[in-house]
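Dear colleague,

Please find the structure below, handed over for your records. My notes on the findings follow it.

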Amino acid sequence: MLLVGESGSRQRLSTEESPVTVSATLAANEAIAARRAAGLEVLALGFGEAGIPVHPLLRQRLAQAAGEIAYGPVAGIDAAREAAAGYWTRRGLPTEAGHVLLGPGSKPILFALLHAVGGDVVLPAPAWVSYAAQSQLLGREPIRVPVPVGEGGVPDAEAMDAAVRAARAAGRDPRVVVVTLPDNPTGRLASERSVKALCETARELDLLIVADEIYRDLVFEEGPFPSPAAWAPERTVTTTSLSKNYALGGWRVGAARFPDSPMGTRLLESVRGTASELWSSTPMPMQHAAAYAWGDPPELVERVAAARRLHGSVARAVAGTFASVGCTVPAPQGGFYVWPDFAPLRGALAERWGVATSADLARVLLDEFGVVVLPGSAFGDDPASLTLRVAVTGIYGVSDSERLAALVAPEPAAMPWIAESLEGLRDKLAALVAAP
Ligand SMILES: Cc1ncc(COP(=O)(O)O)c(C=O)c1O
């Protein structure tokens, strides 16, 4: 039996056939606790929390709605569905409230969607951990397809065509492809060209597209956003939530936008049925807060803009730090992740530390240097590659006042405590890759 944790990490329960194995993520958690208990320093770059205090106006909205204790409608209250429809409409995807469904975070909505669609799931390699874990919970190993060179979040269309046809010829039943724009883990935003190709191929193969756009408001450079729903409106479900742009992961509220088509309506109904058995309704106070946030009031738009600047500044600085010791690092474009590849340093790492896989590399960084990162293999990357997923928010500050100061700073990466963490990271990486 597999247990799937919040971070998508897995732990195999002890059975007669299978010994207990603890995932790298859980092992890292335990090692962090042990290091801290021993008074050792830890540089926590492992977890994807946005790390910014709640905006006072959102706190106020939530408090005002605390008396809303009834179960609400399964798909969400009208005010929240209308606000989410407005959110997407203002972003170039005309939406009616009737095509929106809310849930306690986008993660359970994604699971309900994969459950409703059935069949096999096609994923980019690498991809966010929980898509594969959810597919496995539904009893299906995902079909992984590499991303176009230098990109992230969408599978290469030609490779997807070949993989889906081969899977069908082998008796499997791929029905849905999940994409992430911008991407966790690579920090890249797929190009319009790749998204268009994906849409055309999905149409030819009759695949549903699930576009996870949870980091959409955190793209660093202004420009057109390549949403699959623009080119394949009849077959794209788009998801979002307040977890990343407003840093409200613990509030648990998300939404999905379904196609305006008979298929879209059937799918929404099916997901609504699953939702009614899984979460009944989204917590009412959260829905009121979300209705306010999805209205894009100027104070909150300004907050998200500040968050975008903060993530962009620190992600670029962290990418630069890894590049300075010889890693290949794709320039981060959105969200708060960096995806360094230590391939150019493979020889030195093998000789000095016996590193052969990304899991080895993550372990050495933790054990020898107190740096917590996740191995690329946790995201479905080839275990022998030397990629790491680095979440940059862990260095924004140790208190709300530090994090708020970073949020409004003209050059957040230059704030003393962030600059100090960057310097510490540089020293540790330099020691890691130094010749034996
Ligand atoms: C790509 C991606 N999708 C979805 C989620 C889940 O978000 P939510 O808090 O809305 O369930 C995360 C959070 O880590 C994520 O990184």
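Domain bounds here come from an automatic or database domain assignment. On that basis the chain holds domain 1 (41–53 + 300–433) and domain 2 (71–295), and the C-alpha centres of domain 1 and domain 2 lie 26 Å apart. The contact between them (heavy atoms within 4.5 Å) draws 27 residues from domain 1 and 27 residues from domain 2.

Please note that this is a predicted model, in which local features need pLDDT of at least 70 and side-chain atom pairs count only at pLDDT 80 or more, while totals for chains, interfaces and linings use all residues. Residues are numbered from 1 along each chain as its sequence is written, and side-chain values use heavy atoms, with hydrogens and water left out.

**Domain interface**

The size of an interface is often given as the accessible area lost when the parts come together. Buried area is that loss for two parts, taken with a 1.4 Å probe and summed over both. Domain 1 and domain 2 bury about 2300 Å² between them, with 61% of it on carbon and sulfur atoms. Of the area that domain 1 buries against domain 2, 27% is supplied by L300, Q333 and F379, more than by any other three residues.

One salt bridge (a side-chain nitrogen of Lys or Arg within 4 Å of a carboxyl oxygen of Asp or Glu) is found across this interface. Twelve residue pairs across the interface are in polar contact, both residues at pLDDT 80 or more. A polar contact is a pair of N or O atoms within 3.5 Å; within protein, one must be able to donate a hydrogen and the other to accept it, and residues adjacent in sequence count only if both atoms are side-chain atoms.

**Ligand site**

The ligand is surrounded by 14 residues, the closest being S106, D212, Y215, S243 and R252. An N or O atom in the side chain of Y215 is 2.7 Å from an oxygen atom of the ligand. For K244, an N or O atom of the side chain is 2.9 Å from a ligand oxygen atom, and a polar side-chain atom of N184 also lies 2.9 Å from an oxygen atom of the ligand.

Kind regards

Terms used: A residue is near a molecule or strand if one of its heavy atoms lies within 4 Å of it.
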